[in-house]
Amino acid sequence: MPYELHYWPMIQGRGEFVRLALEEAGAPYIDVARQDDDAGGIGPMLDRLSDPDNPRPPLAPPFLRDGDVVIGQTAAILLYLGPRLGLVGESEADRIWTHQLQLTIADAVNEAHDTHHPVGVGLYYADQKAEALRRAAEFRAERIPKFLGYFERVLAANGGEHLVGTALSYADLSLFQLVAGLLYAFPKATAAALTDVPQVARLHAAVSRRPRIAAYLATPRRTPFSEDGIFRRYPELDP
């Protein structure tokens with residue numbers, strides 16, 4: 001039975017971290033909201049989010065359905081999928097460490113989002129542009145180097161090829177996506193930061209060349225980055 005991924009159909013967003021794991025593993029899955037209305041569409045996702053009889057509802061997408069099991073939150077979904085897809089080590093120590101790295105990536109993603117929505121998610125970017133300029137300046141100067149520098153140290157301590165162990169994990173895939181998003185939203189600042197973290201840059205390039213990932217990136221299933229997603233390119237935020 002294929003996995004069911006529920007996420008907004010028009011953006012990569014946080015659902016993309018889950019898609020990359022499913023694509024790398026060659027796992028059968030249905031991107032439910034991307035189907036037409038007769039086959040699924042966005043309705044089932046919204047119904048599950050608002051179901052008053054569901055005692056364990058997700059707060060928001062993404063969430064994954066595997067039979068009777070429904071998991072929300074990107075990091076929790078990957079914690080669940082990791083051992084099932086062969087994308088995490090077998091030991092408890094490796095599983096928890098990989099999960100910790102994923103949560104750190106989630107922190108970086110949230111900070112990237114908050115550069116263009118520093119005051120409130122219900123406001124338009126134009127309504128908080130002055131605050132965004134200030135937030136983005138600190139993100140470019142301090143936070144991008146801090147996060148990428150941290151992952152550089154982790155890679156160096158583990159031999160340079162993977163974040164955990166000797167095989168690809170979902171954390172490697174998610175670091176690829178983080179770097180890809182930062183290169184879209186802050187191309188100048190990120191390119192400069194990557195010169196100081198060569199192992200992160202190599203991992204990003206290596207993941208993009210993996211056969212299943214490369215094939216996925218070349219298909220329409222890989223929705224382009226846009227100014228509706230988490231990573232948004234506003235030139236004034238990356239002067």
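Are Tyr125 and Tyr234 buried or exposed? Tyr125 is buried, and so is Tyr234, where buried means under 20% relative accessible area, exposed over 50% and partly exposed in between, with a 1.4 Å probe and protein chains only. The views below show a predicted model, in which local features need pLDDT of at least 70 and side-chain atom pairs count only at pLDDT 80 or more, while totals for chains, interfaces and linings use all residues. Residues are numbered from 1 along each chain as its sequence is written, and side-chain values use heavy atoms, with hydrogens and water left out.

**View 1. Aromatic pairs.** The structure holds 5 aromatic pairs, a pair being rings of Phe, Tyr and Trp (its six-membered ring) with centres within 6.5 Å, counted as stacked with planes under 30 degrees apart, edge-to-face over 60 and tilted for the rest. The rings of Tyr125 and Tyr234 are stacked, because their centres are 4.0 Å apart and their planes lie at 5°. This pair links distant parts of the chain, 109 residues apart, with Tyr125 in the loop between helix H4 (92-116) and helix H5 (129-157) and Tyr234 in the segment after helix H9 (211-217); helices (H or I, at least four residues) and strands (E, at least two) are DSSP runs, numbered from the N terminus. Phe139 and Phe186 have ring centres 5.4 Å apart and planes at 50°, so this pair is tilted. Here too distant parts of the chain are linked, since Phe139 belongs to helix H5 and Phe186 to the loop between helix H6 (170-185) and helix H7 (187-194), 47 residues apart. Both Phe139 and Phe186 are buried.

**View 2. A ring cluster and charges over rings.** Tyr184, Phe225 and Phe231 are linked into a cluster by ring pairs. Arg233 lies over the face of Tyr184, at 4.6 Å from the ring centre, the criterion being NZ of Lys or CZ of Arg within 6 Å of the ring centre and within 35 degrees of the ring normal. Arg84 lies over the face of Tyr80, at 3.7 Å from the ring centre.

**View 3. The largest nonpolar core.** The largest nonpolar core has 60 residues, and those with the most contacts inside it are Leu81, Leu148, Phe151, Leu163, Leu175, Leu178 and Val200; such a core is a set of buried Ala, Val, Leu, Ile, Met, Phe, Trp, Tyr and Cys residues joined through side-chain atoms within 4.5 Å. Its largest share, 10 residues, comes from H5. Leaving aside neighbours within four places in sequence, Phe151 is in contact (heavy atoms within 4.5 Å) with residues including Leu101, Thr104 and Ile105.

**View 4. Helix H1 and its surroundings.** Helix H1 (residues 15-25) is mostly covered, with 10 of its 11 residues buried. These buried residues pack against strand S1 (3-6), strand S2 (29-31), helix H3 (74-85), H4, H6 and H9. Just after H1, Gly26 takes a positive phi of about 65°.

**View 5. Paired strands.** S1 and S2 run parallel and are joined by 3 bridges, pairing being assigned if DSSP finds at least two bridges between two strands. Ile30 in S2 is the bridge partner of Glu4. Tyr3 and Leu5 point one way from S1, Glu4 and His6 the other way, and all are buried. Strand S3 (residues 63-66) and strand S4 (residues 69-72) run antiparallel and are joined by 4 bridges. S3 and S4 form a hairpin with 2 residues between them, and Gly67 in the turn has a positive phi of about 65°.
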